[in-house]
Amino acid sequence: MKELFNRLITEKVKPYLKSEGFEKKGLSFYKSSGDLIYLFNFQNSRGNSADQTTFYINCGIHSTTVDKVIGAKENPEPKEYECYFQDRISALTNSSNDDFSIDKQTSIEKIAADVLKELTTAIQFYNAINSTVELTDLMIERNGLNNYSELFEYLLKTKDDTRVILLAKKLFSDFGTDDRWEIFEDALNDLLRQNKNEQTITEIINLK
């Protein structure tokens with residue numbers, strides 16, 4: 001089944017994504033546009049056997065501008081987990097299936113059709129995110145606690161007060177009743193002090 005998976009990547013996925021501007025690096029595909037980097041990563045399941053191969057498609061959007069502003073090392077080929085926005089492709093396409101499976105009965109044409117359909121929808125999602133501003137809006141809306149401190153620091157350093165407030169309120173709305181909220185609050189207050197902002201996160205949350 002590993003051979004069929006490799007054929008899928010080489011014969012079907014790579015040509016399609018190349019036509020969409022993506023370059024292959026191992027099992028990852030990258031496309032750069034301005035300061036944004038878009039990623040598709042094909043991840044094999046640890047439970048794969050000789051009779052079945054299961055894999056996932058991870059998605060990510062990264063910003064070199066955010067890297068520069070917060071003093072992080074610029075990362076032109078980030079791993080999926082290093083992207084400022086990351087999720088499985090099913091979350092971008094609203095698919096009920098989180099994985100893809102190949103076994104002895106699998107037709108390469110059928111699995112390719114399923115995969116390319118998901119990639120096409122995900123690319124449409126990517127095409128709606130054309131700037132770091134749009135990426136930060138996406139992160140505020142969907143990231144939860146993923147990279148929340150990096151995003152908060154970026155918004156503080158760029159003096160984007162509107163989005164600072166939006167992020168603080170969103171985090172409190174989603175996690176304010178969590179037992180760990182005090183930890184998150186302390187981290188955000190530390191960032192406020194480091195960036196010479198005299199407000200507290202509680203004061204920002206209570207702004208109207």
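**Ground rules.** Because the model is predicted, I took local features only at pLDDT of at least 70 and side-chain atom pairs only at pLDDT 80 or more, while totals for chains, interfaces and linings use all residues. I number residues from 1 along each chain as its sequence is written, and side-chain values use heavy atoms, with hydrogens and water left out.

**Strand E3.** I took helices (H or I, at least four residues) and strands (E, at least two) as DSSP runs, numbered from the N terminus. I call a residue buried under 20% relative accessible area, exposed over 50% and partly exposed in between, using a 1.4 Å probe and protein chains only. In strand E3 (residues 36-44), seven of the nine residues are buried, so the rest of the structure largely encloses the strand.

I then looked up the partners of E3, counting two strands as paired if DSSP finds at least two bridges between them. Strand E2 (residues 28-33) pairs with E3 in the antiparallel sense over six bridges, and Tyr30 stands opposite Leu39 in E3. The two strands form a hairpin with two residues between them, and Gly34 in the turn has a positive phi of about 65 degrees. E3 is also joined to strand E4 (residues 53-63), antiparallel, by nine bridges. Here Phe40 stands opposite Cys59 in E4.

**Core.** A nonpolar core is a set of buried Ala, Val, Leu, Ile, Met, Phe, Trp, Tyr and Cys residues joined through side-chain atoms within 4.5 Å. The largest one has 58 residues, and Phe40, Phe42, Val115 and Leu119 have the most contacts inside it. Helix H4 (residues 108-127) supplies the largest share of this core, nine residues. I listed the contacts of Leu119 (heavy atoms within 4.5 Å), not counting residues up to four places away in sequence: Leu119 touches Val13, Tyr16, Leu17, Phe40, Phe42, Ile57 and Ile89.

**Aromatic pairs.** I paired rings of Phe, Tyr and Trp (its six-membered ring) if their centres lie within 6.5 Å; planes under 30 degrees apart count as stacked, over 60 as edge-to-face and the rest as tilted. The whole structure gives 11 aromatic pairs. Phe22 and Phe40 have ring centres 5.2 Å apart and planes at 40 degrees, so I logged the pair as tilted. Phe22 sits in the loop between helix H1 (2-19) and strand E1 (23-25), and Phe40 sits in E3, 18 residues apart. Phe22 is buried at a relative accessible area of 5%, and Phe40 is buried at 0%.

Phe55 and Phe100 are stacked, at 5.2 Å centre to centre with 15 degrees between the planes. Phe55 lies in E4 and Phe100 in strand E6 (residues 100-102), so this pair ties together parts 45 residues apart in sequence. I also found Phe5, Phe29, Phe42, Phe55 and Phe100 in one aromatic cluster.

**Helix H8.** Trp181, Phe184, Glu185, Leu188, Asn189, Leu191 and Leu192 are buried in H8. They fall within an arc of 155 degrees seen down the axis, so they line one face of the helix; the arc is that of the directions from the helix axis to the C-beta atoms. The face turned away carries the exposed residues Glu182, Ile183, Arg193 and Gln194. Cover for the buried residues includes helices H6 (148-157), H7 (161-175) and H9 (201-205).
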